[in-house]
Amino acid sequence: MSPGPGGGPADESPGTGSFGVASMTDPLRRVAMRRPGPAMREADPALWHYAGPLDADRLTRQYDAFTAVVAESGAEIEWMPEADDGLADSIFVFDPSFMTPAGAILLRPGKSLRRPEVALHEALFRHLGVPVVGRVAPPGMAEGGDLLWIDDTTLVAARSFRTNQAGIDRLRGILEPLGVRILAFDLPVWQGRAACLHLLSIISPLDRDLALVYPRLLPVALRELLREKGIRCLAASDEEFEASNGLNLNVLSVAPRNCIAVDGFPHTVGLMRDAGCRVACFEADALCIPCEGGPTCLTLPLWRA
């Protein structure tokens, strides 16, 4: 019999295993991923808002290298089935659903091209025996990149082009009965509706008391909340934020002060290492930089404990 959330017993059935997330930095035990398929390798950059034609071979090699780093962390990878379904963004599995301590929430992406991905996540949870505790329906919109656990009872949500107030209100209705409060903050327009600016584009937690941030875009009230919570902020440079399309900030924590980052941004990596973090880097100039999605986006944590 597999352990359930918190280590208790779960139903003994095919695919059932441990699940539950209420932290961005607790050890990553189980994660869902989806390999790049024909849709991404042959994607129209103008349609999907990618920076020019993609190098399919290098993109795939870089994805495989990233996968190896995730596996080396000790996390169990659950693979979402590949299919020629036209869903180029579907490798960025963090956005269409969101894990809680009680199960998954099916979200509704603000990028309309991504909305069919929600069915892939629903099928995954059914296969794995992970309960779905709610969903965001029209007119609500919400993407995982706009959601951030501050502690195990506090979730920060960003109002953005991808997540609206109706989506946040729905999340509040699902989470408050679970003892989780939601605090909402506005993101700036930045480069407009077509670009992808998520909350996690400007902050990546590295430990319960440490975060990497891009201070120029951080909402003032959120900055004050981080200060009140005793969370130290490492400020990334303008130069590397601009050169990386913001992907130097997209850091995946696989355990406290143990993380995965895109290669090529030594100032950002140096900040984290000077703060006592172990940082594994992978080449991402063909995979992440052109597609506006980094290591956090490429993974959907199913269980952190």
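**Close-up views of a predicted protein model**

**View 1. The loop between β14 and β15 (300-304) holds Glu-292.** The coordinates shown here and in the following views belong to a predicted model. Phi of Glu-292 is near 60°, which is a positive value in a residue other than glycine. Most residues other than glycine have a negative phi. Glu-292 has a relative accessible area of 18%; the cut-off for a buried residue is under 20%, and Glu-292 is therefore classed as buried.

**View 2. His-49 lies in the loop between α2 (45-48) and α3 (56-72).** The backbone of His-49 has a phi near 60°, again a positive value in a residue other than glycine. The relative accessibility of His-49 is 32%, and the residue counts as partly exposed. Glu-292, by contrast, is buried.

**View 3. A cis peptide bond leads from Pro-138 to Pro-139.** The omega angle of this bond is near 5°. Most peptide bonds are trans. Pro-139 is located in the loop that runs between β5 (132-135) and β6 (147-151).

**View 4. Strands β12, β13 and β14 form an open sheet with mixed pairing.** The order of the three strands is β12-β13-β14. The edge positions are taken by β12 (252-255) and β14 (278-282); each has a single partner strand, so one side of each is left without a neighbour in the sheet. From one strand to the next, the twist averages 25°. Strands of a sheet pair through backbone hydrogen bonds, either parallel or antiparallel. Between β13 (residues 258-262) and β14 the pairing is parallel and extends over five bridges. One of the residues involved is Asn-258, whose bridge partner in β14 is Arg-278. Helix α8 (residues 266-274) lies across β13 and β14, and its direction makes an angle of about 155° with β14.

**View 5. A further open sheet of three strands has the order β2-β1-β15.** The pairing in this sheet is mixed. At the edges stand β2 (76-79) and β15, each with a single partner strand, so that one side of each is left without a neighbour in the sheet. The twist from one strand to the next averages 25°. Strand β1 (residues 28-33) runs parallel to β2, and four bridges join the two. Val-31 has Ile-77 as its bridge partner in β2. Helix α4 (residues 117-128) packs on the sheet, where it touches β1, β2 and β15. The direction of α4 makes about 30° with that of β15.

View 6. With a relative accessible area of 16%, Val-69 is buried. When residues up to four places away in sequence are not counted, Val-69 touches Ile-260 and Ala-280. The C-alpha atoms of Val-69 and Phe-282 are 8.1 Å apart in space, although 213 residues separate the two in sequence.

**View 7. Leu-206, Phe-125 and Met-272 touch the most other members of the largest nonpolar core.** This core contains 69 residues. Leaving aside neighbours within four places in sequence, Leu-206 is in contact with several residues, among them Thr-25, Ala-211, Leu-212, Leu-234, Val-251, Cys-259, Met-272 and Cys-277. Also among the contacts of Leu-206 are Ser-253, Ala-255, Pro-256 and Arg-257. A second, separate core of 33 residues includes Trp-48, Phe-66, Ile-77 and Ala-284. In soluble globular proteins, nonpolar side chains tend to be buried together.

View 8. Taken along the principal axes, the C-alpha atoms fill a box of roughly 50 × 45 × 40 Å. Of the 305 residues, 58% are buried. Among contacts between residues at least 6 apart in sequence, 70% join residues at least 24 apart. The accessible surface comes to about 12,100 Å², and 51% of this area belongs to carbon and sulfur atoms.

Key. Residues numbered from 1 in each chain as written. Predicted model: local features only at pLDDT ≥ 70, side-chain atom pairs only at ≥ 80, totals over all residues. Heavy atoms only, no water. Pairing = 2+ DSSP bridges. Axes fitted to C-alpha atoms, helices over the stretch in contact; angles between N-to-C directions. Contact = heavy atoms within 4.5 Å. Buried < 20%, exposed > 50% of the residue type's maximum accessible area, 1.4 Å probe, protein only. Areas by Shrake-Rupley, 256 points an atom, 1.4 Å probe, with all protein chains shown as cover. Core = buried A, V, L, I, M, F, W, Y, C linked by side-chain atoms within 4.5 Å.
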